[in-house]
Amino acid sequence: MHAVGIVAAAGSGLRLGAELPKALVHLGGRPLVCWAVESLRAGGVEQVVVAVPAPQQAAFTAVLPDDVHVVVGGDTRTASVRAALGAAREHADAVLVHDAARPLTPPDVVARVLAALAAGARAVVPVLPVVDTTVVVDGDGVVTADVPRAPLRRVQTPQGFDRATLVAAYAHAHGTAAEFTDDASVVRAAGIPVQTVAGDERAAKITVAHDLRMAELQTEWPR
Ligand code: C5P
């Protein structure tokens, strides 16, 4: 199986409070985007395409390895992945879409996603259980319902897809008003079942400054 990796790295660093796009922020001396590319490769992905913000295209090209394909992303994550998908090598039969914001994803997670695709899944996501009590609140912040947590899962990346399935799902989603926060939602909206494999707490997403500090500690632990 030939797998191409897409790294969504075109977001801003707004919630992180960074002056740079988040994917260029350093962790353990290297930009987050470089960690994300390396995890995909260490897990078995061959070609990697990275979607970046237009104003910083040159800065991303300067830090990424020469054989990584850099494309300009869009205003939403979905638009960024769509742009990268257009540039992904046609003869790849699988696509793994990963967030630059999950720099410390262990290669084992990538390998589990690839193995599920090789076993015949058309779409697969790494997941973790929900450990907190989870509730619904109204507009005033008053709890209106408890949500049974046993069937709930937190969804991580990389998310893996049969290439033709993902391309068709993105074509299906084009022009709809729906807002998607990940690629599995795009595929599910096209009626394709999404399977799961075990995720990993180390694949946590860096969103706010606290997450970056936790990741810095993690880079000091033995892996
Ligand atoms: O904003 P959030 O952290 O949920 O973004 C998840 C990933 O999607 C990040 O790696 C970010 O760089 C990427 N993204 C993108 N294009 C956008 C918005 C986000 O590639 N327009």
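Student: How do I read the length of a helix, say α1, and what span is expected for its residues?

Tutor: Helices are DSSP runs of H or I with at least four residues, strands are runs of E with at least two, and both are numbered from the N terminus. The expected span of a helix is 1.5 Å times one less than its number of residues. Helix α1 (residues 32–43) has twelve residues, and its first and last C-alpha atoms lie 17 Å apart, close to the 16 Å expected. Please keep in mind that this is a predicted model, where local features need pLDDT of at least 70, side-chain atom pairs count only at pLDDT 80 or more, and totals for chains, interfaces and linings use all residues. Residues are numbered from 1 along each chain as its sequence is written.

Student: Which residues of α1 are buried?

Tutor: A residue is buried if 20 or more other C-beta atoms lie within 10 Å of its own, exposed if 12 or fewer, and partly exposed in between, with C-beta atoms placed from the backbone. In α1 the buried residues are L32, V33, C34, W35, A36, V37, S39, L40 and G43. With nine of its twelve residues buried, α1 is largely enclosed by the rest of the structure. Just after α1 comes G44, with a positive phi of about 120 degrees.

Student: What does α4 look like when I put span and burial together, and which residues are buried there?

Tutor: Start with a general idea. An α-helix has 3.6 residues a turn, so residues three or four places apart point the same way. Helix α4 (residues 107–118) has twelve residues and should span 16 Å at 1.5 Å a residue, which agrees with the 16 Å between its end C-alpha atoms. Its buried residues are V109, V110, R112, V113, L114 and L117. They pack against β1 (3–8), α1, β6 (94–99), β7, β11 and β12, where a contact means that two C-beta atoms, placed from the backbone, lie within 7 Å. G120 follows α4 and has a positive phi near 115 degrees.

Student: Now strands: which ones pair with β7, and in what sense?

Tutor: Two strands pair if DSSP finds at least two bridges between them. Strand β7 (residues 123–129) runs antiparallel to strand β11 (residues 159–162), joined by two bridges, and A123 has F161 as its bridge partner in β11. With strand β12 (residues 195–198), β7 pairs in the parallel sense over four bridges, with P126 partnered by V197. With strand β10 (residues 153–155), the pairing is antiparallel over three bridges, and V127 has V155 as its partner. In the loop between β10 and β11 sits P158, and the peptide bond from T157 to P158 is cis, with omega near 10 degrees.

Student: How many residues of β9 are buried?

Tutor: The count is zero among the five residues of strand β9 (residues 143–147), so to speak a strand that is hardly covered. Strand β8 (residues 134–137) and β9 pair in the antiparallel sense over four bridges, and V135 stands opposite D146 in β9. Their hairpin has five residues between the strands, and G141 there takes a positive phi near 80 degrees.

Student: How many helices and strands does the protein have, and how compact is the protein?

Tutor: The protein has seven helices and twelve strands. Its radius of gyration (taken over C-alpha atoms) is 17 Å, close to the 17 Å that the globule rule, 2.2 Å times the number of residues to the power 0.38, gives for 223 residues, so the protein is as compact as a globular protein of that length. Buried residues make up 39% of the 223 residues.
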